[in-house]
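I opened the notebook on this chain to look up its salt bridges. The entries below follow the pairs I checked.

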Amino acid sequence: MVAKLNKISAALALVCSMPLIAQTNTDATSAAESQGEIEQIVVTGKASGMSGFKVDTSYAITNVSAENIGRLAPKSTAELFTVVPGVWAESSGGIAGANVFVRGFPSTGDAPFLTIQLNGAPIFPPPTLSFLENSSIFRLDETVHFMEALRGGSTPVLSNGQPGLTTNFLLKEGSEVTEGLVRFSTSSYGLRRVDGVVSGEIADRLYVMAGGYISSSEGPRETGFNSEKGHQFTVNVTKELDNGSINVYTRQTDDHGVWHLPVALNVPGVDNDYSQIGPNNRLGKIAYGPDGEEQSYDFGDGRGWNGGITGGTVDLDLSDSWRLIYRFSHIEGEANTFGLVPNGNPFQISTLDDAGLITGPVTGFATGASYNDETTAQQIGRWVVLKDIEAFTNDIALSKTTDNAVFTLGYYATNFSVQDWWSIGNQSWFVVEKGGEELHNVQCPTPAIAAEFGVPECWDYDIDATGDGDTSAFYGAVEYQLNEQWRVDVGLRRENHKITYVVDEGLTGDISKAVDYDESKTAWTAGVNWMWQRNMGVFARVNKGNKMPFFDDFRDNYGAFESGDKLIKEVTQYEFGYKWAEQNYSIYLTSFYNEVDGELFVSRPGAPAEVLTTEAMGIEFDANYRADNGFAVNLNATVQDTEITNHPDPLVVGNQAIRQPDWMLRVTPSYGFDVADMYATVYGTLASVGDRFGDNGNSVTLEGYSKIDLGVQLEITQQLKAQLSVANLTDKDGITEGDPRSAGSPNGRYIMPRSIDFSISYTF
C-alpha cells in the first residue's frame, strides 16, 4: 500500500498546485453569485444544523437536486447513490434489497455503512438488518427537494453516529404561491405511473406540500407479470414563526418488487434480462419447523415496504445568539422478503441421474411437461423472511453563537425493535430458463453423494426472533473561526447502546440464543479548514467512530459474544481535501484513509462468522462545469486501494476487500439548445467500474464494465415538459456480484437490461 500512497500523494500535490492559475475572482460577492447549478448551499454535517456553502465545508459532501434526480431516472433509491463519489451501489436486485458499499468499508452485502435521513432524522437507526437496508424502505418521488450525501466527516459524532455514508433527503415545502405538478410515465417494460405534487399557503404563514405516486410494471427484467407495484403519499406542513419554524411530515408507502437473485452464468438464454421467477413458479409451498408445517406464499411479492414514517423539526432562534433545533421521527411497518435463491452450480439432468437423484420421469409441477437429459436444472430455495420494524428517534441540539465561534450541545436518543420470522433454504430443483418451473422426481443428495458428484446439499434455517434496542448519546461540537482564512472544528460523542434479543432457531419454541447487551463508546472528530481565497481552500480531518452491534451481529457471532467480545466495529478515518468553486465550475478532491477493525463476514445466515480488519486509501474527484452556451458536464471518479490486514486465515491477509473496485468513473455531459419555440436538453452518462473480487480469498474475479445512459428533455411550453431516457443503451451484461452464499459457484447478478422510459409532465 506504500506505493499506492505515494501515487495518491503525488496526484493530490498536483491538484493542490492549481491555485496558481485559479486566483482570478476575489470579488467578495462571488459566493453569493455561485448559488446556482455549480455551488450549492448544504445543510447536512453540522451539529448546529446551520446551513452554509458547500465550498466552505471541511468534509466531502455531494448534493443532487430534484431536477438532476429526474434526469437520472433511477430505477431504485440505491441507484441514485451511484452519482456519489466513493460509493459503489449494486442496485441489480430490483427496487429494494440493494447492496451499497462506501469507500473502502468492507461488507458482505446490504448496506451496514449507509444511513438514510429524511429531513435530517434517520428513517431507521440500525443501518442494516439481515434482508433489510435503509434504501429498501425509502422511495423517490416528486416530493423530494434534493439529496445530500456526506462521507466520513463529522458523521461519527452526529445523529445515529454512522461512520460511513449519510444521505439526507429534504422534502419540498409549501410557499405563498400555489403550485404543483402532475406527470404520467410509461416505459418499454410496461410501466404505468402517475406522480403528483401540490403546495401552497393554507393559512397565514402556514404552508403545505402534498404528493405521491401510483405505479405498476413488469420491471426491467421479463417476469411475465406485474412484478413491481405500489403507491406512496406524503404530506409536509410548515408553520413559520417570528423566531423560527415548525415542520411536521408523514409519508405512507406500500411498494414492493421482485427480488432478483444471482443466476446461473454461461447457460444459453441467461443474460441481463433473465428472471428465474415467473408465472409458473411464483406461487410455492414451504415446510418449516420440527413438525414440517406447510404454508404457501407468493414469491412474486419479492422485497418491499409497507409502512409509514412520521417526523418533524422545530427550529427556534431563542435570542440573538441562542438557537434550538429538535428533530424527531417515528417509523413502523413490514419489510418482508420472498425470493427464489440459487444454491450452488447448475447441472444437466443426466448428471443428476448418474448421481442417483432421479426417482422417475422428470416433469414440471406447473405444466406437466417432460424434460430430457440435456435440460439444465439448479437447486433453488424458496426463502421467506417476515420482518416487522418500529423506531422512535429524537435529536435535540442547543447552539450558542459568538463573534468567532459556534458552540453546540446535543442529545440523541432512539429506541427500535424488530420481529423476525424466517424460513430459508427450502431447496428443490428447477429448470434453468426464464420462469423455469419446479421439477418432479429430482431429490436432494445425501452428504456422500454431494461430496462425490459436487452437487450441493439441501439445507434449511428457520428462526423466530424478537429484539429491542435503545441508543442514547450526548454530543458536543465547537466551530471556531481563527481569522478570515482559518477555521477549526472539533466534536465529541459519548454513546450508550443497549440490546435485548432472543432467538428460537429451528422454530422449536425454545430460546436458543439470548442477548442482554449494555455498552458505551466514545467517538470524536477534528477538522481544520484553510480558505486562502473566498472560493478556494483545503481541509484536513480525522475522526474515530464506531459501528455498534445490532441484532444480526449477535446471532451471527454468538460464540464470540459469549466469550466476551463486544462486537463493536471501530473505524478510523483521515481526510485531506481541496475545493475550488467559481460561478461556472467547481472542483472537489478528497484523499482518504480508513481502517475498519472488527467487521463480520457471514456467507449465509447460520454459517460461521469471520472477523477481519481492513485498510483503504484513495482519492475522490468531483468536478462540475457549466458553459454559457448550454453545455454542462459532471465528472466524478474514485481510485482506491483496499487491503485485508487481519483475518483468521493467514492466506487471506493482504488480499483486496471483497466487492470493492479499484476505481470508478462517471461522466455526465448535457447540452441545452433552442428548437423551434421549444427548449431541448440532451444528456447522457458513461459509468465505468474496475474489476472486483467476489470473495475474501480473491479467487473469484468480477470483471469491470462500462454502461451508457442517454436522455432528452423537451420543454414544449413553459408548463409542459416531456422526457425520454434510455438506460444501458448498449444492453451491457455487467456483473455486479457473484454468489455471496457460495463464492465458487458460477452464479452472478447482472445489471438491468436496456430499457426506455418516457414521461410527460404539466406544472402549474
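I counted a salt bridge where a side-chain nitrogen of Lys or Arg lies within 4 Å of a carboxyl oxygen of Asp or Glu. The model is predicted.

I looked up Asp 242 and Arg 205, whose side chains form a salt bridge at 2.6 Å, N to O. Asp 242 sits in the loop between strand E15 (228-241) and strand E16 (244-257), and Arg 205 in the loop between strand E13 (192-203) and strand E14 (206-217), so the bridge ties together parts 37 residues apart in sequence. I noted Asp 242 as exposed, with a relative accessible area of 74%, and Arg 205 as partly exposed, at 28%.

Entry, strand pair. I found Glu 737 bridged to Arg 749, with the closest N and O atoms 2.3 Å apart. Glu 737 belongs to strand E40 (residues 735-737) and Arg 749 to strand E41 (residues 747-750), so parts 12 residues apart in sequence are tied together. Glu 737 is buried, with a relative accessible area of 3%; Arg 749 is buried too, at 4%.

I then checked Asp 757 and Lys 75, which meet in a salt bridge of 3.4 Å, N to O. This pair links distant parts of the chain, 682 residues apart: Asp 757 is in strand E42 (residues 755-763), and Lys 75 is in the loop between helix H4 (66-72) and helix H5 (77-80). Asp 757 is buried, with 13% relative accessible area, whereas Lys 75 is partly exposed at 21%.

Entry, network and total. I listed Glu 142, Lys 172, Arg 183, Arg 193 and Asp 195 as linked in a network of salt bridges. My count came to 35 salt bridges.

Key: Residues numbered from 1 in each chain as written. Predicted model: local features only at pLDDT ≥ 70, side-chain atom pairs only at ≥ 80, totals over all residues. Heavy atoms only, no water. Helix = DSSP H or I, 4+ residues; strand = E, 2+ residues; numbered from the N terminus. Buried < 20%, exposed > 50% of the residue type's maximum accessible area, 1.4 Å probe, protein only.
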